[in-house]
Amino acid sequence: MSTPRGEGGSGAVPRWTTVARPADRTPASAADPRPAGVVVWVAVVSVLVIVAVAVAAVIAARSLAEAESVRDAADRADRIADAIVEPALTDALVEGDEEARRAMDDEVRDHVLSSSIVRVKIWDDTGRVVWSDEPALIDRRFELDEDDLEALAGAGDESSVEAEVSDLTAPENEYERDRGKLLEAYRAVETPGGQTLLFEVYFRYDEVLQRSGQLFAGFAGITIGSIVLVVLLLLPVLRQLLRALDRARVQREALLERALDASADERRRIAGALHDGVVQDLVGASLAVSAESGSARARGDETTADGLDRVAGALRGSVGGLRSLLVDIYPPNLVRAGIGPALDDLAAGVRSRGVAVVLDADAASALDDEGQRLVFRVVQECLANVVAHARASVVSVTADRAAEGGVVVTVADDGAGFDPELLTRPEPDHFGLRVLADVAGAGGAGLDLQTAPGRGTRWRLTLPASASAVATATGGRGAPS
């Protein structure tokens, strides 16, 4: 015989796809979401939302903290200038008097410099550093930027206090580069003689980070706590939803089982009506026409006899076609003789459509009644798919005893194959794939698929040991009712 491409063709063998799990009674391809998956999904989304809120809170807290620290630095610089620096200014300091410089140095070191303030500078309007706690800067000149000049021009105006993050790459800040990130605040001050100077003070940026942590704790704590509370409040709703989904799944499986039973009953009724009615009438008509043909030939009317023989042959052909159809609709052998003859009937119907069938399924006779009905339903649907879609030349149906005591039934063809994704998104003319999944899952059997476009198709039905317990215990073949 030819070998189905799913079994031994050239190229890589397609991987097996689980369609239904043994004893799970839930098809793997069912569209119903699993409760555990929904819970995990909700948990992941909640974590992502909390992380996103935390990141946004950190960014917002940092921005707010910097703005708050800039304002605070401006306020502190303004108070220091009014209360300490400006009262200590003298014209002699501007002129470079050493005594005046020592007096300012003592005043600043005693009352201004601290763990948060690391540098103080006093400039004149030419860009000369009149005084600084860093002696190397005194009497050096640097170019004043527009903000510095505006602050000098706003002497006496309280709103002229400015604060910003320090640019440590600027030449005048070379001695602050080892202090880390800094905030600088500056404003105009006046000497007793009326000369305008620029007072500048540098604050550590650590206070900004500390402030941002405080703001984050307040802002993010409330926000994240609210999100967690909402998630906790939604958990009972989620649990009820999952229960409703589970009930709907159970109801759907029950409806499917009832539909399959009703379908089997209806098939049996239609098959009985056809067999006892139309088929018998056609058989009788065929016999009557054959008898009339014999009478006509006895009278020497060969022309009429030949015509009647053709009519009788057509009637016998119609009877044969109807009987094949009856096997497809409902196999009487499944009731009378068991699964083996019933599968023979299915194979005969497929062979009549030009597809070779290799049948080796004696092991299926060890199954109980329910197991045999399940095997027949699955094999019937697989063979129907082969005839309708596969364009196969040969199909094999085999049944083997599994090591665990169950039975494994394999249906393999050398046809066109298909994309396994059709299991989850069946096209209208491939709905039989979902029927296979539902039938196997509802029967507690395992169903696996091995296929790919151009690689043939293999279905593997795995029935647990319990399905063969009755037949094994009685030592005979089950007789499905």
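# Learning to read a predicted model

Mentor: Let's begin with D139, which is partly exposed because its relative accessible area is 39%. Partly exposed is the range between buried (under 20% relative accessible area) and exposed (over 50%), found with a 1.4 Å probe on protein chains only. This is a predicted model, so local features need pLDDT of at least 70 and side-chain atom pairs count only at pLDDT 80 or more, while totals for chains, interfaces and linings use all residues. Residues are numbered from 1 along each chain as its sequence is written, and side-chain values use heavy atoms, with hydrogens and water left out.

Trainee: What percentage of the residues in the chain is buried?

Mentor: Buried residues account for 41% of the 481 in the chain.

Trainee: How many helices and strands are there?

Mentor: Here we read DSSP runs: helices are H or I with at least four residues, strands are E with at least two, and both are numbered from the N terminus. This chain has 12 helices and 11 strands.

Trainee: Where is D139, and what is its phi?

Mentor: First, the general idea: most residues other than glycine have a negative phi. D139 is not a glycine, yet its phi is positive, about 75 degrees. You will find D139 in the loop between strand 3 and helix 5. R391 is also not a glycine and has a positive phi, of about 55 degrees. With 69% relative accessibility, R391 counts as exposed.

Trainee: What span should helix 10 have?

Mentor: The expected span is 1.5 Å times one less than the number of residues. Helix 10 (residues 369-390) has 22 residues and should span 32 Å; its end C-alpha atoms are 30 Å apart, which agrees. The buried residues of helix 9 include I339, L343, L346 and V350.

Trainee: Which residues of helix 4 are buried?

Mentor: They are A100, R101, M104 and V108. Looking down the axis of helix 4, you would see these buried residues within an arc of 100 degrees, so they line one face of the helix. The arc is taken from the directions that run from the helix axis to the C-beta atoms. Helix 4 itself covers residues 98-111.

Trainee: At the start of helix 4, which backbone nitrogen does a side-chain oxygen of D97 reach?

Mentor: That is a polar contact: a pair of N or O atoms within 3.5 Å, where, within protein, one must be able to donate a hydrogen and the other to accept it, and residues adjacent in sequence count only if both atoms are side-chain atoms. The D97 oxygen comes to within 3.2 Å of the backbone nitrogen of E99.

Trainee: What does the side chain of T451 reach?

Mentor: The T451 side chain reaches the backbone nitrogen of F418 at 3.2 Å. A polar atom of that side chain also lies 2.8 Å from the backbone oxygen of G456. T451 belongs to strand 10 (residues 446-451), and counts as buried because its relative accessibility is 3%.

Trainee: Which residues does V53 touch, not counting those up to four places away in sequence?

Mentor: A contact means heavy atoms within 4.5 Å. By that rule V53 touches T223, I224 and I227. V53 sits in helix 2 (residues 35-88). The C-alpha atoms of V53 and T223 are 7.6 Å apart, although 170 residues separate the two along the chain. Across the chain, of the contacts with a separation of 6 or more, 67% join residues 24 or more positions apart.

Trainee: How many aromatic pairs does the count come to?

Mentor: Rings of Phe, Tyr and Trp (its six-membered ring) pair if their centres lie within 6.5 Å; planes under 30 degrees apart are stacked, over 60 edge-to-face, and the rest tilted. The count comes to one aromatic pair. W123 and F142 have ring centres 6.0 Å apart and planes at 70 degrees, so the pair is edge-to-face. W123 is in strand 2 (residues 117-123) and F142 in the loop between strand 3 (129-132) and helix 5 (146-153), so the pair ties together parts 19 residues apart in sequence. Both W123 and F142 are buried.

Trainee: Which residue lies over the face of Y205?

Mentor: A charge sits over a ring if NZ of Lys or CZ of Arg is within 6 Å of the ring centre and within 35 degrees of the ring normal. K181 lies over the face of Y205, 4.2 Å from the ring centre. Likewise, R460 lies over the face of W16, at 4.0 Å.
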